[in-house]
Amino acid sequence: MIDLSINFAGIKSPNPFWLASAPPTNSGYQIMKAFDTGWGGAVWKTLGVPVVNVSSRYGSVNYRGTKMMGFNNIELITDRPLADNLREIEEVKKYFPDHAVIASLMVESRAEWEQIIKDVENAGADGIELNFGCPHGMCERGMGSAVGQEPEVLKTIVGWVKEAANIPVITKLSPNISHITDPGLAAVQGGTDSISLINTIKSIVGIDLDSYAPYPIVDGKGTNGGYCGPAVKPIAMHMLKDLAQHPEIGKVPLSGIGGIETWRDVVEFILLGATSVQVCTAVMHYGFGIVREMEAGLRQFMEEKNYQTIYDFAGKALPNVTEWKHLNLKHKVVAEINADKCIGCDLCYIACDDGAHQAIALSDDPAIRIPSIIEANCVGCNLCSLVCPVEDCITMVKRDDGKENVTWYERTENDDIPVTFDDDRAGGKGHFVPTPQDALKHRK
Ligand SMILES: Cc1cc2nc3c(=O)[nH]c(=O)nc-3n(C[C@H](O)[C@H](O)[C@H](O)COP(=O)(O)O)c2cc1C
Ligand code: SF4
Ligand code: SF4
């Protein structure tokens, strides 16, 4: 019997699907509707000092017909009165006592932190999330990512919050930093119960070619926004992995955020150590209903793998994410084209010839459109299989016998690494490369 429920640092939720603090959690109306649709938790749109928002607020990167592949915003924290939000938190908890309602907070002084923590606790919030991530507007006022980028300040504020709070604390990190483990460790040392990440990435998504202003345009001007949506998922997963693998940070529960849209995204974040996930852009794009596909897919995955709870597979990918120096230098794959599937578009040929290793040949007979792999030249880089538009037409097949495993680390230990520019032990020696003049052979 599959049980999707979680206990995230003391915050109980019927499933790991939470709404991230953002427009979809702006009101009790939206959160009740989301819970009714299947979401297990919601992080309320950040509460704090009163703000004034601008119009417009959002920009996007549309890529080849895919709208909002990347999304950015210059919106601030909530502009609704605190009293209204507190009353609605109370109402949501009355209807959904078993769902997770987490209050995202961002204020400045210690006295303000203490007051607002008391307010949300009295309203019945199950937890607090500290917004140290907004990379626009609020950071100019010393909050948001301005705190997320200063580990010592972050640690001090987490300490204040932990002293004042009686409910679990989640520290939400900014990705706008070189090493995510610096603020991550500061949060743990400050006493945080858990960590969530990522907030948005500082960005400019485009420039209008008439007004020369960045999007979104506010009366002829713009500013950097916070980038999110499918485009940021790889960055979020990498940062999650860095935290999960850290000996101290990895001990606290991690909530994964950034580009999550499908059940597969959810599973991938859990495999990298998250035990709850949060979603914003995908809900802004498609609505609360996406949680149904997420739940059905997650259940099916767990059924197939024979997992009963989220904790049965959380972090299972972590041992396989290693440093480059520990990869097997003897592993060898080459590309193989399935002639029955090939449509003769020759995209693989041009990609390999211009952008890789000249390991794909075209026939001299123009009637034959199916290219062939020159195995001796193929370094197994994957490029052709990535550009091929036909599913499973180019596959990478193993050529080593699996008997040898030698890593750069081991070679270094054994004093067996190339040390001069022309060292015979270097890779690439003996690889076939056409002469420069071969590039001109079709010239009339
Ligand atoms: C329009 C908009 C407003 C947001 N407002 C907040 C906010 O008030 N507090 C916060 O912690 N994060 C805020 N975020 C960041 C999201 O909670 C989330 O961390 C980020 O969007 C990455 O998730 P996604 O790729 O699913 O959108 C906002 C994001 C967007 C797009
Ligand atoms: S795997 Fe790389 S080198 Fe080999 S054929 Fe494909 S593109 Fe060329
Ligand atoms: S890209 Fe794929 S479909 Fe196109 S020619 Fe190469 S193998 Fe065939």
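Where is Ser-56 found? I placed Ser-56 in the loop between strand E4 (41–48) and strand E5 (58–63). Helices (H or I, at least four residues) and strands (E, at least two) are DSSP runs, numbered from the N terminus.

I noted that this is a predicted model, where local features need pLDDT of at least 70, side-chain atom pairs count only at pLDDT 80 or more, and totals for chains, interfaces and linings use all residues. Residues are numbered from 1 along each chain as its sequence is written, while chains are lettered from A and ligands numbered from 1 in the order in which they are written.

Cis peptide bonds

I looked at the bond between Ser-55 and Ser-56. It is cis, with omega about 5 degrees. I then went to Leu-197 and Ile-198. The peptide bond from Leu-197 to Ile-198 is also cis, and its omega is near 15 degrees. Ile-198 sits in the loop between strand E10 (194–197) and strand E11 (201–203).

Positive phi

I checked Asp-219 next. Its phi is near 50 degrees, a positive value in a residue other than glycine. I found Asp-219 in the loop between E11 and strand E12 (225–228). Is Asp-219 buried or exposed? Asp-219 counts as exposed because it has 9 C-beta neighbours inside 10 Å. The cut-offs: buried is 20 or more other C-beta atoms within 10 Å of a residue's own, exposed is 12 or fewer, and partly exposed lies in between, with C-beta atoms placed from the backbone.

My last stop was Asp-392. Asp-392 has a positive phi near 60 degrees. Its loop runs between helix H12 (383–387) and strand E18 (394–398). Asp-392 has 9 C-beta neighbours inside 10 Å, so I logged it as exposed.
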